[in-house]
Amino acid sequence: RKPTSTPKSDRYKLLKACPDTPKCWIYTVRSGDNLFSIANYFGVSQSSIYARNPWLKNTGLRAGQKLRLPPPTR
């Protein structure tokens, strides 16, 4: 089996590709989400989420916000 550049995960159904940045995905925060659960679900580090969304440190998460994520590993 050949590795693919993009995992064929159902998790991509929750993401949209960033229009201006390669290897970047946009996730819309849902009610009940927290940074740990988002990072765990997509298999990315919390620090990588903070790096792409520096405003998070000041505002925290709210449903409806758009988060930029690195490509999921799950």
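This is a predicted model: local features need pLDDT of at least 70, side-chain atom pairs count only at pLDDT 80 or more; totals for chains, interfaces and linings use all residues.

Colleague: What makes the approach of the Asn53 side chain to the backbone oxygen of Arg68 a polar contact?

Modeller: A polar atom of that side chain lies 2.7 Å from the backbone oxygen of Arg68, and the cut-off is within 3.5 Å. Setting aside neighbours within four places in sequence, Asn53 is in contact with Lys66, Leu67 and Arg68.

Colleague: How is Pro22 classed, and what is the basis for it?

Modeller: Pro22 has a relative accessibility of 68%. Exposed means over 50%, so Pro22 counts as exposed. The residue is found in the loop between β1 (15-17) and β2 (25-28). Its C-alpha atom is separated by 9.6 Å from that of Pro71, 49 residues apart along the chain.

Colleague: What is the strand order of the sheet, and what is the pairing?

Modeller: The order is β1-β2-β3 in an open sheet of three strands, and the pairing is antiparallel.

Colleague: Why do β1 and β3 stand at the edges?

Modeller: Each of β1 and β3 (66-69) has a single partner strand, so one side of each is left without a neighbour in the sheet. From one strand to the next the twist averages 35°.

Colleague: How do you know that β2 and β3 pair?

Modeller: Pairing requires at least two bridges, and four bridges join β2 to β3. These two strands run antiparallel, and Trp25 stands opposite Leu69 in β3. Helix α1 (residues 35-42) packs on the sheet, where it touches β1, β2 and β3. The direction of α1 makes about 45° with that of β3.

Colleague: How many aromatic pairs are there?

Modeller: The count comes to three aromatic pairs. One of them is formed by Tyr27 and Phe42.

Colleague: What makes the pair of Tyr27 and Phe42 edge-to-face?

Modeller: The ring centres of Tyr27 and Phe42 are 5.3 Å apart, and the limit for a pair is within 6.5 Å. Their planes stand at 65°. Edge-to-face requires over 60 degrees, so the pair is edge-to-face. Tyr27 lies in strand β2 and Phe42 in helix α1, so the pair ties together parts that are 15 residues apart in sequence.

Colleague: Are these two residues buried or exposed, and on what values?

Modeller: Tyr27 counts as buried at 3% relative accessibility. Phe42 is buried as well, with a relative accessible area of 1%.

Colleague: Why is the pair of Tyr41 and Phe42 given its class?

Modeller: The planes of Tyr41 and Phe42 are at 90° and their ring centres 5.0 Å apart, so the pair is edge-to-face. Tyr27, Tyr41 and Phe42 form one aromatic cluster. Tyr41 is partly exposed, with a relative accessible area of 34%.

Colleague: What makes Arg11 a charge over the ring of Tyr41?

Modeller: Arg11 lies over the face of Tyr41, at 4.1 Å from the ring centre, and the distance limit is within 6 Å. Likewise, Lys57 lies over the face of Tyr50, at 4.7 Å from the ring centre.

Note on methods. Residues are numbered from 1 along each chain as its sequence is written. Side-chain values use heavy atoms; hydrogens and water are left out. A polar contact is a pair of N or O atoms within 3.5 Å; within protein, one must be able to donate a hydrogen and the other to accept it, and residues adjacent in sequence count only if both atoms are side-chain atoms. Contact means heavy atoms within 4.5 Å. Buried means under 20% relative accessible area, exposed over 50%, partly exposed in between (1.4 Å probe, protein chains only). Axes are lines fitted to C-alpha atoms, for helices over the stretch in contact, and angles run from 0 to 180 degrees between N-to-C directions. Rings of Phe, Tyr and Trp (its six-membered ring) pair if their centres lie within 6.5 Å; planes under 30 degrees apart count as stacked, over 60 as edge-to-face and the rest as tilted. A charge sits over a ring if NZ of Lys or CZ of Arg is within 6 Å of the ring centre and within 35 degrees of the ring normal.
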